[in-house]
Amino acid sequence: MQAQHSPSNNETNPSLLTDIAVQAHEILREEYDEYATMLEYRNAWELLVAVSLSAQTTDAQVNKVTSVLFARWPGPGDLADAPIGNIEEVVHSTGFYRNKAKNIKAAGAVIRDTFNNTVPDSIEELVKVPGIGRKSAGVILHHVFGKPAIIVDTHFGRVCSRIGILSCDPAEKKPDPIRTEKEIAEILPPERWSSFSMVANLHGRRYCTSRKPDCFNCPLREICSYRYLYVEPVQPGAASTQSAEAASTPSSVPEDGT
Ligand code: SF4
């Protein structure tokens, strides 16, 4: 049964939020490949380095760099012992190269010395590796170890906020990531965490963009609080009479410049 939309989803009971989140997950699963990642890797260590390099650049650019990087320094110990200047040279094109080089070199040392050359498979241990935050740890847990993880980034948070499954106003574009993770964990079972994270992230990039969400064509439009509150305001239960053009062009949306 389809969950009934209410503009005040975030003030209602947890079971309604679960219904909406599950429904959104099922719809988005039809739309996106939850295992899609353009980062190329052959093992956990290579994905760890790739995600560490992926901030503020494209996956394609990371792949170009990692193919050279792993040819020269295949394992954690190799990278840990490599001269920092040489690493900086290789990762230069990914941007923020000084920080990234420092992080992956330090990560190599930690994986070698603390984790016996094995990438750990828990979020608590992964976040001890330099350059790895909860989001990157979640990506590694999901893609390499097949473990449940809620992977919170700006796209995921925005989609969750807008469809009304968080306690904040659906117009909040940047909900607090820790609170987002906690609230999603409370309404979705662990077996849905990683998959929902991946497809909601892709949805935030394709339809539910920060500046101009494509609500008219969005597959979540029937269950989305933001659409009902800010794009195509209607009384609950009443049919909308707004034009398609109006529906796809928010006019009363708070703009925070992002
Ligand atoms: S209807 Fe609009 S705001 Fe809601 S999820 Fe879709 S694109 Fe985002």
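**Pockets, a cavity and a ligand**

Hi everyone, let me start at the ligand: helix 9 (154-163) and helix 12 (225-231) each give at least two residues to the shell around it. Helices here are DSSP runs of H or I with at least four residues, numbered from the N terminus. Please keep in mind that this is a predicted model, where local features need pLDDT of at least 70 and side-chain atom pairs count only at pLDDT 80 or more, while totals for chains, interfaces and linings use all residues. Residues are numbered from 1 along each chain as its sequence is written, and side-chain values use heavy atoms, with hydrogens and water left out.

So who surrounds the ligand? There are 13 residues, and the closest are Cys208, Cys215, Cys218, Cys224 and Tyr226; to count, a residue needs a heavy atom within 4 Å of the ligand. By class, that shell has eight nonpolar, one polar and four charged residues. Nonpolar covers Ala, Val, Leu, Ile, Met, Phe, Trp, Tyr, Cys and Pro, charged covers Asp, Glu, Lys and Arg, and the others, Gly among them, are polar.

The search works on a 1 Å grid over the protein atoms alone: a cavity is a set of points where a 1.4 Å probe fits but cannot get out, a pocket is an open set with protein on both sides within 12 Å along at least five of seven lines, and lining residues have an atom within 4 Å of a point.

Across the whole structure there is one cavity of 30 Å³ or more. The largest cavity holds about 80 Å³, a volume being the space filled by probe spheres set on grid points joined across faces, edges and corners. Which residues lie nearest its centre?

On to the largest pocket, with about 680 Å³ of space. It has 26 lining residues, and Ser54, Asp59, Lys135, Asn201 and Arg205 are the closest to its centre. The lining divides into nine nonpolar, 12 polar and five charged residues.

The second largest pocket has about 260 Å³. Of its 15 lining residues, Lys135, Val152, Asp153, Thr154 and Pro177 lie nearest the centre. Helix 8, helix 9 and helix 10 (177-187) each supply at least two lining residues, and helix 10 gives the largest share, four residues. By class, the lining has five nonpolar, three polar and seven charged residues.
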